[in-house]
Amino acid sequence: MKSIKPGRGPSFMGGVISVALIVFGIFWTAMAASMGAPFFFPIFGVVFIAVGIAQAVYNFKNATGKNRFSSFDITDDTEEPDPLNQRFHPRDSAQSEASGEPGAAGYCPYCGAATASDHLFCRKCGRKIV
C-alpha cells in the first residue's frame, strides 16, 4: 500500500523554524523580565521555548530518521514501512503483507471502512480496493 510521508526537506525546515522559535522565546523571556512586566509575560516566553524544543525534536527526528512520519513523500511498504500503520494496526498490516490479497488488511485505503478479504470494491465508497 502506498503511503504519504513528510519529506526530509520540509521536516528539516520545520526544525530550523523551531530553533528560531526557541531563540525568540529566550529573547522574549529576557526582555519581559528585564522590563519588570507582570509575571505572566515571561511565562509566554517559556511556553515558546517549550513548544520550540518539542517541535525541534520532532522535526529533526523526521528529517534524519529512516522510518519518519511525513506528508510529502509517497512510498511503498517495501521501500519504507508506514509507522502509523504499524502502530495502530500491527496485526492488519502483517496480515496484508503476508497474504498480498486486495483488502486483506480489512480496511478500505480510501475511506477506512471495514472490508472482507474477498471484496474487490468498498461497500461504503465504491472504489476498487488495490
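**Cysteines, burial and fold**

Modeller: The structure holds 0 disulfides, a disulfide being a pair of cysteine sulfur atoms within 2.5 Å. Cys108 is in no disulfide, since the nearest cysteine sulfur, that of Cys125, lies 3.8 Å away. This is a predicted model, in which local features need pLDDT of at least 70 and side-chain atom pairs count only at pLDDT 80 or more, while totals for chains, interfaces and linings use all residues. Residues are numbered from 1 along each chain as its sequence is written, and side-chain values use heavy atoms, with hydrogens and water left out.

Biologist: What makes Cys108 count as buried, and what is Cys125 called on the scale of relative accessible area?

Modeller: Buried means under 20% relative accessible area, exposed over 50% and partly exposed in between, with a 1.4 Å probe and protein chains only. Cys108, at 4%, therefore counts as buried, whereas Cys125, at 33%, is partly exposed.

Biologist: Why does Gly14 count as buried?

Modeller: Its relative accessibility is 18%, so Gly14 counts as buried. Gly14 is found in helix H1, residues 8-34 (helices are DSSP runs of H or I with at least four residues, strands runs of E with at least two, numbered from the N terminus), and its C-alpha atom is separated by 9.0 Å from that of Tyr58, 44 residues apart along the chain.
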